[in-house]
Amino acid sequence: MFKFKRWLFMGLMIALLSLAACGNGNEESVSDEGEAGGETEVEASWPHETTTFILPFEAGGSLDTMVRGMIPYLEQHLDTTFIVDNRPGAATQIGTTVFHNSEDDGSYLFAGTQLYFSATMVLQDAEYSIDDFAMVNIEQFDPVTITVPKDSPFQTFGDLIEYAKEHPGELSYSTVFGGPLHLTGVLLEDKLGVKFKPVFYDGGGEMRNALLGGHVDFMIGNSNGDTAIADNIRVLATATDDVSEIWPDAEPINKALEPYGVEVPHVGSVRFIAVHKSFKEKYPERFDMLVKAYEEMFNSDEYQKHLEETGAEAVSAFRGPEESDRLNRELHDLVVQYKDELQSE
């Protein structure tokens with residue numbers, strides 16, 4: 001009887017050990033499937049110790065300022081260390097191409113600006129397409145401005161227009177090829193029957209330096225971006241329906257154009273954060289984690305205080321992926337619509 005109990009006990013132990021071994025095998029199988037599929041079923045935290053923002057502009061511009069201002073707050077909500085990699089050139093095509101060719105696992109994020117983003121595809125035959133990107137958020141919609149140095153002889157936008165009519169091709173302005181600033185110049189030429197001389201730069205910092213250095217007569221800039229040199233400029237007009245909160249002395253552009261019987265579409269620099277579309281598709285939980293962290297960061301008291309202190313509050317919003325994707329495609333269609341006019345410059 002004793003032997004029978006002992007053998008029974010040993011049999012039960014062997015069976016239990018076998019079941020445990022099978023359990024371990026199943027866990028390994030689930031883990032392997034997760035790796036093969038690109039993502040384990042549930043990821044508790046952001047998997048990258050460092051995450052790189054690729055920017056297609058030089059340091060010091062409006063997009064660079066937005067991203068660097070955001071990083072300290074976003075790091076707290078995503079638990080990663082961000083690195084900024086500025087890759088200017090070819091009217092943003094170089095940096096965008098670098099991002100397009102980077103790893104699509106979330107370790108690289110893209111910060112860009114419409115309409116430059118779409119112009120590289122529509123006007124410059126970039127290797128990527130609008131369908132290769134997924135928006136996280138369009139944060140800033142920064143209206144276009146007509147800006148002159150403080151000592152400029154032009155006191156109003158009307159003064160500048162009248163001079164341009166009398167001296168075709170003489171007035172130069174700083175801009176970036178293919179973007180909302182360049183498009184505004186093209187539209188003004190077309191609607192008013194005038195001719196300007198665009199001088200192209202790689203970003204807002206270079207544009208503003210050119211204006212302050214006397215290398216151009218005026219700048220087609222941005223409301224919030226122009227605040228960086230507020231003490232040295234005058235904004236004559238803004239692409240807004242009403243008087244600008246940021247530049248209350250400037251005329252809304254279409255009001256200034258009323259004497260000429262023309263209007264131009266309201267455009268601006270639309271600054272966004274995006275990822276590879278393939279990242280969103282392969283790692284949906286990581287994408288959701290990023291969006292949630294961004295939304296929490298944006299709505300936090302600390303970040304809202306930062307926006308208020310930097311004057312960016314008036315042009316900033318959390319729209320989310322769906323609304324941002326819709327707006328992004330609308331702006332892309334605008335570049336397609338004015339493709340011939342932009343290419344003629």
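**Cavities.** I took a cavity to be a set of points, on a 1 Å grid over the protein atoms alone, where a 1.4 Å probe fits but cannot get out. Grid points were joined across faces, edges and corners, and volume was the space filled by probe spheres set on the points. For the largest cavity I noted a volume of about 160 Å³.

I then listed its lining, meaning residues with an atom within 4 Å of a point. The largest cavity is lined by 19 residues, with S62, G204, N222, S269 and R271 nearest its centre. At least two lining residues come from each of α2 (62-78), α7 (204-212), β7 (218-222) and β10 (268-276). I classed the lining as seven nonpolar, nine polar and three charged residues; Ala, Val, Leu, Ile, Met, Phe, Trp, Tyr, Cys and Pro were nonpolar, Asp, Glu, Lys and Arg charged, and the others, Gly among them, polar.

**Conventions.** I numbered residues from 1 along each chain as its sequence is written. As this is a predicted model, local features need pLDDT of at least 70 and side-chain atom pairs pLDDT 80 or more, whereas totals for chains, interfaces and linings use all residues, and side-chain values use heavy atoms, leaving out hydrogens and water.

I recorded 13 helices and ten strands, as DSSP runs (helices H or I, at least four residues; strands E, at least two) numbered from the N terminus. Of the 345 residues, 52% are buried, that is, under 20% relative accessible area with a 1.4 Å probe and protein chains only; exposed is over 50%, and partly exposed lies in between. The largest nonpolar core has 100 residues, of which F53, V67, F157 and L160 touch the most other members. Such a core joins buried Ala, Val, Leu, Ile, Met, Phe, Trp, Tyr and Cys residues through side-chain atoms within 4.5 Å. Beyond four places in sequence, F157 touches I146, L188, L236, A237, I253, A256 and L257, contact meaning heavy atoms within 4.5 Å.

**Two loop residues.** Is N224 buried or exposed? N224 counts as buried because its relative accessibility is 12%. N224 sits in the loop between β7 and β8 (233-238), and its contacts beyond four places include Q140, D142 and T310.

I looked next at A317, in the loop between α11 (301-310) and α12 (320-337). A317 is partly exposed, at 22% relative accessible area. Beyond four places in sequence, A317 contacts N137, I138, E139 and F298.

Key
1 Å grid on protein atoms, 1.4 Å probe; cavity = no way out; pocket = protein on both sides within 12 Å on 5 of 7 lines; lining within 4 Å.
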